[in-house]
Amino acid sequence: MRFTETELNGAWLIETLPTSDERGSFARTFCVNEYQEHGLETTFVQHSVSHSVNKHTLRGMHFQTAPHAEVKVVSCIRGAIMDVIIDLRPHSPNYRRWAAYELSDSNNRQLYIPKGFAHGFQTLRDDAVVSYLISEFYNPQASTGVRWDDPAFAIDWPAEPTVLSAKDRAWPLLDTAET
C-alpha cells in the first residue's frame with residue numbers, strides 16, 4: 001500500500017497496489033503494521049457499506065461528536081464518487097478547510113479520515129457502492145452534520161445533487177452546529 005498525507009493534516013490517501021495475473025488481481029486493503037508505521041488508527045469496530053442507485057446522489061456532511069468521534073477509512077468498491085472532507089477541529093491550522101478526492105473501483109484509492117472531520121460524497125456514476133471502516137460504534141445521540149451547501153465552506157461539488165435525504169438537507173450551518 002502507498003500512503004500519501006493530504007493537505008489537511010491527519011487525512012491520508014491510501015492506494016492499494018494490486019498484483020495481477022491471468023485470474024485477475026489481488027490487493028491488500030488494510031494492514032495493521034503499515035497503518036501503525038504511519039501513526040494511524042488500527043482498530044475498526046464497524047464495517048459498513050452504502051449503495052447509491054443514482055448518479056449525483058449526495059450523502060453528507062456527517063460526523064460524530066466527542067467522545068464518540070470516529071476515524072473512517074472510505075473506499076468506493078463499485079462506481080465512482082467525489083469524496084469530501086472538512087476539517088472541523090477548532091485548533092487545526094486547516095479549520096473549516098475542505099478537500100475532495102475521487103475514489104473509484106478502478107483507481108485503488110482509499111481515504112483515511114481522522115477524528116474531527118465531517119465527511120460526505122457525491123456519486124459520479126449510477127450504482128455506486130462505498131465501503132467504510134469505522135473506529136467507533138454508531139451513537140445516534142452523537143451523530144450530527146453540517147450542510148453540504150454551507151457558504152462557510154463553499155464546496156465545489158461536481159453537480160447539483162439529484163438525490164439528497166431530508167436529514168442531509170436539514171443539517172445546520174456551521175455557525176449553529178456543535179463541533
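What is the volume of the second largest pocket?

Reply: First, the ground rules. The model is predicted, so local features need pLDDT of at least 70 and side-chain atom pairs count only at pLDDT 80 or more, while totals for chains, interfaces and linings use all residues. Residues are numbered from 1 along each chain as its sequence is written, and side-chain values use heavy atoms, with hydrogens and water left out.

A pocket is found on a 1 Å grid over the protein atoms alone: it is an open set of points where a 1.4 Å probe fits, with protein on both sides within 12 Å along at least five of seven lines, and its lining residues have an atom within 4 Å of a point. Points are joined across faces, edges and corners, and the volume is the space filled by probe spheres set on them. Strands (E, at least two residues) and helices (H or I, at least four) are DSSP runs, numbered from the N terminus.

Now your pocket. The second largest pocket has a volume of about 290 Å³. It is lined by 17 residues, and Thr16, Thr29, Ser75, Ile77 and Gln110 are the closest to its centre. Strand 7 (72-78), strand 10 (109-113) and strand 12 each give two or more residues to this lining. Strand 7 gives the most, with 4 residues. By class, the lining has 7 nonpolar, 8 polar and 2 charged residues. Here Ala, Val, Leu, Ile, Met, Phe, Trp, Tyr, Cys and Pro count as nonpolar, Asp, Glu, Lys and Arg as charged, and the others, Gly among them, as polar.

Met1 touches both Thr16 and Thr29. Its other contacts include Leu17, Phe30 and Tyr35, with residues up to four places away in sequence not counted. Contact means heavy atoms within 4.5 Å. Met1 lies in the segment before strand 1 (2-5). At 16% relative accessible area, Met1 is buried. Buried means under 20%, exposed over 50%, and partly exposed in between, with a 1.4 Å probe and protein chains only.

Follow Tyr35 next, into the aromatic rings. Rings of Phe, Tyr and Trp (its six-membered ring) pair if their centres lie within 6.5 Å; planes under 30 degrees apart are stacked, over 60 edge-to-face, and the rest tilted. The count is 6 aromatic pairs. Tyr35 and Phe44 make one of them, edge-to-face, at 6.4 Å centre to centre and 85° between the planes. Phe44 has 18% relative accessibility, so it counts as buried. Tyr35 also pairs with Tyr112: the centres are 6.2 Å apart and the planes are at 65°, so this pair is edge-to-face. The link joins distant parts of the chain, from Tyr35 in helix 1 (residues 32-37) to Tyr112 in strand 10, 77 residues apart. Both Tyr35 and Tyr112 are buried. Ring pairs tie Phe3, Trp12, Phe30, Tyr35, Phe44 and Tyr112 into a cluster.

A nonpolar core is a set of buried Ala, Val, Leu, Ile, Met, Phe, Trp, Tyr and Cys residues joined through side-chain atoms within 4.5 Å. The largest one has 18 residues, and Ile81, Ile85, Leu103 and Leu111 touch the most other members. At least two residues come from each of strand 7, strand 8 (80-87), strand 9 (98-104), strand 10, strand 11 and strand 12. Strand 12 gives the most to this core, with 4 residues. Another core, of 17 residues, lies apart from it and includes Ala80, Val84, Ile155 and Trp157. Ile85 is in contact with Leu8, Met61, Trp98 and Leu111, among others, leaving aside neighbours within four places in sequence.

Met61 has a feature of its own. Its peptide bond from Gly60 is cis, with omega near 10°. Met61 lies in strand 6, and strand 6 gives the most to the lining of the largest pocket, with 6 residues.

Asn108 lies in the loop between strand 9 and strand 10. Its phi is near 60°, a positive value in a residue other than glycine. Asn108 has a relative accessible area of 29%, so it is partly exposed.
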